[in-house]
Amino acid sequence: MKVFISGNIAPIGLKQLEDNNISITQWKEERQITAEELVQACKDKDGLISVGPNRIDAAFLNACKHLKVIALHSVGFDQVDITEAKKLNIAIGNTPGVLSSATADTAFLLMLAVSRKAFYLHKKIINGGWKNYEPTPELGIEINGKTLGIFGLGKIGLELAKKCAAAYQMKIIYHNRSRNQEAEKEIGAEYVSFEELLAQSDVLSVHTALTAETKDKFTLEVFDKMKPNAIFINTARGGIHNEKDLIKALEDKVIWGAGLDVTNPEPMDKSNPLLSMESVAVLPHIGSATEETRDAMAKLIVENIVAGLKGEKLPYQV
Ligand code: 8YV
């Protein structure tokens, strides 16, 4: 059985594929593989491990109907046309659960970094801007005891909520399509309407999937309903906030700050105005990028690939 891998996965995953007598070919270039190159690479393969933002759309799926399984190196599957895959009988697997804590940590990191302007001040030192002790430098704001609003309280949102409630005694409110009774019981999270989430959150963190419903959900009109000292965090998908509107909201001080691990497009251009703002922190989509989590993701990917190549139901089927 032959599998193509469109990027890097943890070495433990490569070893396990070899142990299962699966022959692997891997995309090794620094740039992202193009759609045409991906079709070409999958021509004589039985499975694909899709790393990063490759579009697994109807065109790709129809050009590669012969694939038995596509294992995603992600929990998110917005890049996949699931209906078409189902029609063509190509199994799609993802990596749920194992990356929740690492991704929540990234949101937590961004929250603190933004609240104390850490990335901006780091750049200031690099640029020779630390001249003297200054008791009122670019002042931050504290998050201790404030209200954390979670948009999309699933596994990752719950991890963040637990960390923030335990470490910072934050009050947790959330908005979902349906109520998460487990979270309400476990951490006393309070369900609120979307409007209330906007009005009450000191920190608003996005943890929902990118869907037709959530695309461009955060526009200037929406930011305008938030507190002027609110911090917006997005570690989910860049498409959920409108970037032009976010820039305007920050420039006009409609909200206080923003922390992004995801942008639209990715990679973000180095001339993006967000990168020079004081209360903004941007990371290059590293939400789940820890050694432990990447190893755990690789193991689930191998389980999905092995089952899919045998024609069995995937253990982590989308
Ligand atoms: C992945 C992610 O690392 O799981 C997701 O949905 O965004 C990240 O964990 C990324 O998609 C690269 O494969």
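UniProt positions are given in the numbering used here, feature names are shortened, and annotations may be inferred rather than shown by experiment. UniProt places the feature "domain: D-isomer specific 2-hydroxyacid dehydrogenase NAD-binding" at residues 109–287, in an unreviewed entry. Residues are numbered from 1 along each chain as its sequence is written. The model is predicted: local features need pLDDT of at least 70, side-chain atom pairs count only at pLDDT 80 or more, and totals for chains, interfaces and linings use all residues.

The protein chain contains twelve helices and twelve strands. Helices (H or I, at least four residues) and strands (E, at least two) are DSSP runs, numbered from the N terminus. Within residues 109–287, 32% is helix and 15% is strand. The end C-alpha atoms of this span lie 10 Å apart.

Overall dimensions come next. The C-alpha atoms of the protein chain fill a box of roughly 65 × 50 × 35 Å along the principal axes. Buried residues make up 41% of the 318. A residue is buried if 20 or more other C-beta atoms lie within 10 Å of its own, exposed if 12 or fewer, and partly exposed in between, with C-beta atoms placed from the backbone. Two residues are in contact if their C-beta atoms, placed from the backbone, lie within 7 Å. Of the contacts with a separation of 6 or more, 67% join residues 24 or more positions apart.

Two strands pair if DSSP finds at least two bridges between them. Axes are lines fitted to C-alpha atoms, for helices over the stretch in contact, and angles run from 0 to 180 degrees between N-to-C directions.

Strand E1 (residues 2–5) pairs with E2 (residues 23–26) over four parallel bridges. The chain passes from E1 through helix H1 (residues 11–19) to E2 in a right-handed β-α-β crossover. Right-handed means that, with the strands pointing away from the viewer, the path from the first strand over the helix to the second runs clockwise. Phe 4 faces Thr 25 in E2, and its bridge partner in E3 is Leu 48. E1 and E3 (residues 47–50) run parallel and share three bridges.

Another open sheet has seven strands, ordered E8-E7-E6-E9-E10-E11-E12, again with parallel pairing. Its edge strands are E8 (190–191) and E12 (280–282). Helix H7 (residues 155–168) packs on this sheet, touching E6 (147–151), E7 (171–175) and E9 (203–206). The direction of H7 makes about 175° with that of E6. Strand E11 (residues 257–260) pairs with E12 over three parallel bridges, and Ala 258 stands opposite Val 280.

Ser 276 lies in the loop between E11 and E12. Ser 276 counts as exposed because it has 10 C-beta neighbours inside 10 Å. Ser 276 and Phe 119 are 157 residues apart in sequence, yet 9.5 Å apart in space, C-alpha to C-alpha.
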